[in-house]
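Here is a short report on a protein model, written for someone who likes to see the cut-offs next to the values. Please have a look at the sequence and the structure first.

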Amino acid sequence: MPSGHVQATVDGTLVAESDTYELVEGNVYFPPSSIKSEFFDKTDLSTHCGWKGDASYYTIKVGDKELTNAAWYYPEPLEKAKHIQDYVAFYKTKVDIVTAE
């Protein structure tokens with residue numbers, strides 16, 4: 001598990017922050033306790049990854065901005081991805097991710 005401070009922001013508003021995270025396929029996965037739940041609404045979208053399993057999605061709402069399906073997580077991952085169960089990742093084109101060692 002990588003360490004170092006990591007933040008996710010939308011237009012300067014902090015939506016997730018942690019000192020521990022998982023890095024998978026170039027994506028930072030935040031522990032579920034690190035997201036600021038007031039900005040997150042679950043959606044009905046589901047996608048499938050051959051080795052991680054079925055992903056569920058969140059829409060992020062910050063002020064008047066709504067980012068549909070901008071974050072995802074694996075509520076019941078396959079065996080090889082158990083270490084990211086419920087961890088949240090973000091589309092880098094929608095959310096700014098900053099890591100500091």
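K61 is partly exposed, with a relative accessible area of 37%. Here, buried means under 20% relative accessible area, exposed means over 50%, and partly exposed lies in between, using a 1.4 Å probe and protein chains only. The partner of K61 is E66: the two form a salt bridge whose closest N and O atoms are 3.9 Å apart. A salt bridge is counted when a side-chain nitrogen of Lys or Arg lies within 4 Å of a carboxyl oxygen of Asp or Glu. E66 counts as partly exposed, at 48% relative accessibility. A network of salt bridges links D41, K61 and E66.

The model is predicted: local features need pLDDT of at least 70 and side-chain atom pairs count only at pLDDT 80 or more, while totals for chains, interfaces and linings use all residues. Residues are numbered from 1 along each chain as its sequence is written, and side-chain values use heavy atoms, with hydrogens and water left out.

## Salt bridges across the chain

How many salt bridges does the rule give? The count comes to 4 salt bridges. In general, side chains of opposite charge can pair when their charged atoms come close.

One of the pairs is K65 with D11, whose side chains meet at 3.1 Å, N to O. This pair links distant parts of the chain, 54 residues apart: K65 belongs to strand 7 (residues 65-73), and D11 to the loop between strand 1 and strand 2. Strands are DSSP runs of E, at least two residues long, numbered from the N terminus. K65 is partly exposed, at a relative accessible area of 34%, whereas D11 is exposed, at 57%.

Another pair is E25 with K52, at 2.6 Å, N to O. It too links distant parts of the chain, 27 residues apart, with E25 in the loop between strand 3 (22-24) and strand 4 (27-29), and K52 in the loop between strand 5 (40-49) and strand 6 (53-62). Are these two residues buried or exposed? E25 counts as exposed, at 56% relative accessibility, but K52 is buried, at a relative accessible area of 4%.

## The hairpin of strands 5 and 6

Strand 5 and strand 6 form a hairpin, with 3 residues between them. They run antiparallel and are joined by 7 bridges; two strands pair if DSSP finds at least two bridges between them. Within this pairing, K42 stands opposite Y58 in strand 6.

Which order do the strands take in the open sheet of 3 strands? The order is 2-1-9, with antiparallel pairing. Strand 2 (13-20) and strand 9 (96-100) are the edge strands, each pairing on one side only. Strands of a sheet pair through backbone hydrogen bonds, either parallel or antiparallel.

Strand 1 (residues 3-10) runs antiparallel to strand 9 and is joined to it by 5 bridges.

## V6 in strand 1

V6 has its place in strand 1. This residue is buried, with a relative accessible area of 0%. Leaving aside neighbours within four places in sequence, V6 is in contact (heavy atoms within 4.5 Å) with A16, E17, S18, Y21, V28, F30, I97, V98 and T99. V6 and T99 are 93 residues apart in sequence, yet 4.3 Å apart in space, C-alpha to C-alpha.

Definitions and conventions: Helix = DSSP H or I, 4+ residues; strand = E, 2+ residues; numbered from the N terminus.
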